[in-house]
Amino acid sequence: MKRLLKGGRVVDPVNGIDGVQDVLIDGDRIARVGRDLPADGAEIVELRPELVVCPGFIDMHVHLREPGQEHKETVATGAAAAVAGGFTAVACMPNTSPVNDNANVTAYILGKAAEAGLARVYPIGAVSRGSKGELMADIAELRQAGCVAITDDGRPVSTALLLRRAMEYAGMFGMPVIEHCEDPSLKGDAVAHEGYQAAALGLRGMPGACEALGVERGVLLSELTGSAFHVAHMSARASLRAVRKGKEAGIAVTCEVAPHHFTLTDEALAAPVAYDTNTKMNPPLREAADRDAMLAGIADGTVDVIATDHAPHHYDEKQVEFDRAPFGIIGLETAVSLSLDRLVHAGRIRLPRLVELLSVNPARILRLPGGPLAAGAPADLTVLAPELKVRVEAAAMRSRSKNTPFDGWELRGGVAATIVGGRTLYVNSAVAGLKL
Amino acid sequence: MSAPVTTAVDEARAATALRRKDLLGIADLAPDEIALVLDTAEAMKEVGERPIKKVPALRGKTVVNLFFEPSTRTRTSFEIAEKRLSADTLNIAVASSSVVKGETLADTALNLEAMHPDTIVLRHSSSGACHLLSRICRSAIINAGDGMHEHPTQALLDAFTIRERKKRLAGLKVAIVGDLLHSRVLRSNIHLLTKMGSDVWVCGPPTLIPADIARFGVRATSRIDEAVADADVIMLLRVQLERMEGAFFPSLREYFNVFGMTEARLRLAHPDVIIMHPGPMNRGVEIASEVADGPYSVILEQVANGVAVRMAVLYLLSGGAGDEAAA
């Protein structure tokens with residue numbers, strides 16, 4: 001079956017396209033992109049020109065919690081949240097229970113993803129067995145089973161030696177090592193960013209240097225090994241500086257920033273709700289200078305990727321004392337609106353750059369199909385409604401957990417539709433006249 | 001942060017009740033509310049000096065003292081205050097390892113709530129624990145110390161003691177010396193004293209000074225001579241022995257040598273200086289016994305005033321004005 005998306009604004013930075021064009025979908029593939037394509041028997045889908053057709057967005061940092069913590073999220077509910085948030089694919093972290101450190105767990109996750117039939121799910125394997133930081137996991141086996149990268153996310157790789165070996169070994173397959181950058185001794189039992197807010201609230205703080213030490217370590221080892229190193233959920237300005245210096249030196253380092261780190265600061269811990277556990281994540285919300293540095297890094301190209309670090313937690317796990325609450329917030333269903341509102345409408349970046357951050361670069365780093373809208377490529381498309389007025393409603397979200405600090409926020413810009421492999425898996429009913 | 005307001009006491013004459021359900025911290029209070037508590041405490045203190053130390057202000061009210069940390073002084077002080085106001089009180093002491101038992105703080109609080117107490121006085125090792133209760137409970141929540149955050153009634157009784165001795169708070173140089181980083185007493189005192197116009201200096205080893213301390217509106221130094229020079233008030237903070245030595249400073253001996261309040265250092269202060277300590281004291285660590293027991297010490301006055309100040313807080317949160325309690 002063929003479908004012709006007509007009249008929307010196509011933004012495909014790899015091919016230098018930013019204008020009203022048509023996209024012809026044939027089955028699960030893109031057949032053609034161009035101006036005024038003939039219908040040629042295809043079903044015609046008329047899009048209003050304010051709608052933007054992009055290569056499918058990829059969130060390269062989510063926690064789907066399955067196997068082991070299905071009360072927080074499952075592969076199916078996470079994949080549903082992904083398509084509702086405009087993501088055609090997600091890469092899921094290995095800190096499940098058991099840890100995704102072997103082919104059986106990887107296959108289990110992929111089986112659940114196939115059953116759900118929603119967003120594509122790319123598992124990320126563990127660096128070490130059980131993510132314990134002692135012995136390397138069977139990385140080749142993980143690769144063969146379908147893992148696209150390795151990480152001990154949730155914690156940093158325990159020693160520089162293990163990180164070096166993992167980079168060398170994974171480098172054999174061109175797999176990046178993704179690192180949760182943190183110096184554990186400097187972090188201690190901290191629960192917030194070290195600064196005025198933590199001091200005033202009486203919370204133990206970790207400084208930006210705690211993260212930057214981990215970034216520096218990884219950049220040095222990436223230089224030593226020649227392997228790709230990716231900094232997860234970067235939050236501190238000192239980390240950005242380390243990445244920038246590494247890139248200038250030609251080192252294979254890339255990095256991602258989460259929407260909450262370019263939107264919020266640690267002031268959110270104090271107000272509007274003091275000690276709101278939905279403002280607790282690791283790395284923590286940092287001070288304004290760090291948030292502004294993330295925005296600058298996104299604008300100047302130092303930041304490669306926007307990724308959510310989607311971390312679902314059950315509400316009663318979060319309804320506890322701040323220092324006892326688990327780290328993390330959900331992000332799949334707010335990332336696109338926050339990005340449009342805070343980055344595009346705020347004049348910091350233009351849409352083609354946003355598509356690089358959400359689609360082109362994660363595809364390149366993880367070596368996934370997607371990125372450019374090429375003939376023959378999978379028909380994974382994200383359709384944006386940049387002018388849509390969005391009111392964030394946690395209760396209405398697809399994710400099984402509702403732990404977001406953005407509940408009730410009003411944002412400009414949202415997702416109109418999500419198409420995965422030619423199938424329309426999400427249509428936003430708030431977008432008028434959209435028939436997909 | 002509010003700017004110091006020198007006319008706070010005058011404003012307070014007009015105020016008759018705290019404009020809030022809970023007392024979670026000094027940071028939330030306006031200067032006139034602070035002055036109201038202190039003024040009310042003066043009347044309450046007089047109650048404690050009568051032969052029959054009881055007024056009916058909280059008759060028929062139920063107050064639960066819910067303590068998740070060991071405390072003798074604060075819990076006793078609250079309990080005496082509650083009894084002098086004729087409240088029905090009960091004490092619940094929960095081992096701080098209660099996490100192991102599996103009941104969450106929220107569940108504990110909601111179970112108590114089901115029995116309709118009017119006020120819950122909470123002491124807890126987690127900063128913000130009382131904010132959690134405040135959100136889920138109808139009862140008035142009084143913070144009796146939450147983690148490293150605040151201990152508002154301690155700061156109020158400290159202010160009461162200073163005001164009683166010095167007749168004012170504005171313009172006084174107050175030096176606070178000790179473990180600043182982990183101290184909830186410090187945070188409450190900084191908020192209170194800066195709101196009331198005192199000139200606050202804080203002093204401790206750099207390892208125990210919170211980040212961005214200048215934003216609290218205080219002067220920070222690690223030179224104790226500078227901190228105590230011409231000070232009207234010197235307040236020592238407890239050094240928590242069990243976790244300090246070797247980690248934040250080399251030894252207790254060295255701590256005392258560099259930061260201990262000795263008679264020699266006392267001579268740098270204003271001749272009428274008063275010495276305060278929230279207790280419990282480590283003699284020979286943050287304070288020499290000669291100073292703690294000496295003529296400048298008001299440490300036991302602080303304890304005595306604690307009852308009056310807590311009576312005032314309980315009374316004002318319960319509705320305050322119009323009752324004959326303090327008459």
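Two strands are taken to pair if DSSP finds at least two bridges between them, and strands (E, at least two residues), like helices (H or I, at least four), are DSSP runs numbered from the N terminus. The model is a predicted one, in which local features need pLDDT of at least 70 and side-chain atom pairs count only at pLDDT 80 or more, while totals for chains, interfaces and linings use all residues. Residues are numbered from 1 along each chain as its sequence is written, chains are lettered from A and ligands numbered from 1 in the order in which they are written, and side-chain values use heavy atoms, with hydrogens and water left out.

Within chain A, four strands form an open sheet in the order E5-E4-E1-E6, with mixed pairing. Strand E5 (29-34) and strand E6 (43-46) of chain A stand at its edges, and because each has a single partner strand, one side of each is left without a neighbour in the sheet. On average, neighbouring strands are turned by 20 degrees against each other, direction ignored, where the axes are lines fitted to C-alpha atoms and angles run from 0 to 180 degrees between N-to-C directions.

Side chains of opposite charge can pair when their charged atoms come close.

Between chain B and chain A, by contrast, the count of salt bridges is zero. The contact (heavy atoms within 4.5 Å) takes 27 residues from chain B and 19 residues from chain A. Together the two chains bury about 1900 Å², 56% of it on carbon and sulfur atoms, buried area being the accessible area (1.4 Å probe) lost when two parts are put together, summed over both. Ser127(B), Met148(B) and Arg215(B) supply 22% of the area that chain B buries against chain A, more than any other three residues. On the side of chain B that touches chain A, helix H4 (105-113) and helix H5 (129-136) of chain B are the elements that give two or more residues, and H5(B) provides the largest share, five residues.

Terms used
Salt bridge = Lys/Arg side-chain N within 4 Å of Asp/Glu carboxyl O.
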